[in-house]
Amino acid sequence: MNLEAIRGKVAIVGTGCSKFGENWEKSASDMIIDAVFEALEDAGMELKDIEACWLGTTTTFFTGLPLAEILKLKHIPISRVENACATAMDALRNASYGVACGVFDRVLVVGVEKLKDMGFSGLPEYWSHPVYGQGATAPGRYALCARRYFHNNDIDPDIGREILAKIAVKNHYNGSLAPKAFFRNRIDVERVLKAPLIAWPLGLFDCCGNADGAAAAVICRADMAKSFRDDHVLLMASATVMGPGFGKEDMDYKYDEFPETAAAAKMAYEQAGIANPRTELSLAAVHDCFTIAELMEYEGLGFSEPGKAWEDVEAGSFELDGDLPVNTDGGLKAFGHPVGATGLRQCYEICRQLQGKADLPERQLKNPSIGLSLTQGGHPGWLIPNVSIFSLP
Amino acid sequence: MVGIRSCGAYIPFFRLKREDIAKALGGVPGRGEKAVANFDEDSISMAVAATLDCLQGIDPSSVDVLYFASTTMPYREKQCAAIVANVLGLRRDVLTTDFSSSLRVGTIALRTAFDAVKAGSAKNALVVVSDCRLGGMGSPFEQAFGDGAAAFLVSDSDLIATLGSEYSHTNEFTDIWRTQNDDVVRSWEDRFIYEKGYQKNVIEAVRNFAKAQDLSLKDVNKVVLSAPDARRIQGAIKALKLDIKSQVQNPLFDQVGNTGAAFAPMLLSAALEEGKKGDRILVVNYGDGCDVLLFNVNKSMGTIDGRRGIKGYLASKAYLPNYEKYLRFRNLMNLEVERTRPPLSSFAPVLWRDQKWVLGFHASKCKECGRTFFPPQRICLYCQSKDNFEYVRLIGRKGTLFTFTLDFLARSDDPPEVFTRVHLDDVGIYCRMTDRIPEQIEIDMPVEMTFRKFHEGAGYPNYFWKCIPTREVAT
């Protein structure tokens, strides 16, 4: 294995993102067209320039063909990727291998999910065992973590809920500055704590919403990126890592850490040559499907010491004006979570921040150079994380 | 000589105060409380609990026969005893059958078991009686009925009580019934059915029995007397001239209620728990006729580690907050909680392949590194050795709660649904918790496992294991 083989070989020359939210008036096709044409325009390319595509979606489409159907692409290879919440970033990872090895020069990566046409607010249920694990919910699974994380770190659950609330407040604030976000309202800790419980200790504002959305990226060989634009973004690393998925049952899994995410981060840092993420990274987009996820991810990604992430939350380290802003666009909390699109929405935000082109100037960071994304699929004990690192040339 | 080698019982955790029925529906409040099966319990799950109580310290593979008696079999076609046998881990060549339809099935099954042991076709015959009957909303039956189960191991040696003599007669009579289409118990006018049915048959049977055996009722220490309710038992006691204080086994109408076919068997279990060597226990059971059985207590049961019996289960309880909760448990409310969610599914081939752990609750223990996993794994999580494991039966293991959540989003008939990871010695189990009071759940609390109905996806009951906070054992 040569982890550095991918570093800097692939450039992102165009990004696009549809409005996220309850897009009653838009079909999956409409959202794909919005995101793809924004990315093509950003890259200065046309559809006919695209040599291959990777389509990420969990339940909206099967096969890669719908993308050709929507965009009227003729006779090019398209692969459909599914890896739970890491779907979009894993599509980008696979696409980048296709470019890095020299098979393709210009590739389109698309992530999409249309969840709101189903008539209920949960995620669709896939095949499940007749009794084992059936009926478990995503917040319930993360709540098992929250309860034990608090216990193992001597945090009273009520204090713990306040710490989590601060993450929700931060992400809602950032989302209020993101025009494409689903929720753009600002909230305070009191409102978070008074909201209905979803899966104690998690309440309504500790959970992200389901949403519709699509996002896209156009990538090419790094050595030809300059022919499209000067401020392209280099993909420095992309690591998808899985464990045996037996944490819920494994006595050694203490429900207070994300070992798969820590392993993905280690692999990505090695690929990108990053020694100290907390100081080297300019920003991060992490998987705040639940506030407890974001809190524990600070530790898994090496931003905070184990058990001490709450101190950094209290210090405001990850706020927009902190030393390492996290989820500058409001993350999943603000954008909702159209599963197969989320990773490329993170990529969109990171690239636009690095290029100094955040869609509202109030949100623009000063001179960022390196960004990290984490999409964390599955649930604690059964995680599918992807950690990717982006940098200016 | 044949008799009872061991017995066990089960009473659900939840009780409904009869005054709460009157609070909801009006009318005169009944006295006391009744035992109510949780939403995830039925006659099969309660039968499993009672047989496990009965088999404490006894090797399940020594059981030759299993008779399951109930008037509330979850299946009309398909044998329920086969499910219980599989959960208990009985031998493949065990003879199983269901006894149904009559409130007398418990004692009929017992008599049949005695016959099997007498005839030598079985050495150990397990009999379990379990019932969960529904009285129509607002009816006296709803007030009277309770849920529960009792189990007996019939054998020819090591007996706690020997069978003295038996008597039965059959009587065709339309007093109470359920046809194929009835969910609730129907009946004819009560003065007629109790005078010409219950009272007449009980007196006839006891007199015939006493005469044939040359027995004076004065020489009987305890009478287990089946009866529809607290009022009707008084009439029978009076007619039989029994001393209500010393001679009649407490019918538990105010604590448990009339548990149908399980009623007399549960009282017999209680009588055996309290019995002393030399006591004579007379069991009188009514339903489409009458059975009378006389037992001689051989030895005190004493305390068997982990065995709860009637006494233990009576002491461990919690009250339903109101009548509406009872309606929800019995699925008597037409709730619209799952507007457009797809129905829960099930797959018979999967359940068949996974019987060893879904029903039998076996884990796999790696022979290489000694780690144990549930559900069983072909490849060891730690040393990755392949197909190098032995099955370990987890039934009966106790443990502690590692983490939990109160999930208000998950489908539940008693929200919030509680999801947990528990540790049973060296095995981690990811499961739901039932029979719990949400405010009292805390990390490290002692837990045990219980066999429950999960849902009826694909049109049949799907069973599996859940954890419960350990029910205290009365000492």
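Author: First, a definition: a helix is a DSSP run of H or I with at least four residues, a strand is a run of E with at least two, and both are numbered from the N terminus. This is a predicted model, where local features need pLDDT of at least 70 and side-chain atom pairs count only at pLDDT 80 or more, while totals for chains, interfaces and linings use all residues. Residues are numbered from 1 along each chain as its sequence is written, chains are lettered from A and ligands numbered from 1 in the order written, and side-chain values use heavy atoms, with hydrogens and water left out.

Reader: Which residue with a positive phi follows α9(A)?

Author: Helix α9 of chain A covers residues 291-300. The residue that follows α9(A) has a phi near 80°, and that is A:Gly302.

Reader: How many residues of helix α9 of chain A are buried?

Author: Buried means under 20% relative accessible area, with a 1.4 Å probe and protein chains only. The cover over α9(A) includes α4 (138-152), α5 (157-175) and β10 (370-379) of chain A. The helix is largely enclosed by the rest of the structure because the buried count is ten of ten.

Reader: Is B:Ile468 buried or exposed, and what is its relative accessible area?

Author: B:Ile468 sits in strand β22 (residues 462-469) of chain B. Beyond its neighbours within four places in sequence, B:Ile468 is in contact (heavy atoms within 4.5 Å) with residues including B:Met433, B:Pro446 and B:Val447. The C-alpha atoms of B:Ile468 and B:Val447 are 5.5 Å apart, although 21 residues separate them along the chain. So B:Ile468 counts as buried, at 4%.

Reader: What area is buried between chain B and chain A?

Author: On the B side 47 residues are in contact with 38 residues of chain A. Buried area is the accessible area (1.4 Å probe) that two parts lose on being put together, summed over both. Carbon and sulfur atoms give 63% of a total of about 3600 Å².

Reader: Which chain A residue forms a salt bridge with B:Arg371?

Author: A salt bridge puts a side-chain nitrogen of Lys or Arg within 4 Å of a carboxyl oxygen of Asp or Glu. Chains B and A share two of them. For B:Arg371 the closest N and O atoms are 3.9 Å apart, and the partner is A:Asp250.

Reader: Which strand gives the largest share of the lining of the largest cavity?

Author: On a 1 Å grid over the protein atoms alone, a cavity is a set of points where a 1.4 Å probe fits but cannot get out, and lining residues have an atom within 4 Å of a point. Among the lining residues of the largest cavity are A:Tyr132, B:Tyr430, B:Cys431 and B:Arg432. The largest share, three residues, comes from chain B, strand β20.

Methods: 1 Å grid on protein atoms, 1.4 Å probe; cavity = no way out; pocket = protein on both sides within 12 Å on 5 of 7 lines; lining within 4 Å. Buried < 20%, exposed > 50% of the residue type's maximum accessible area, 1.4 Å probe, protein only.
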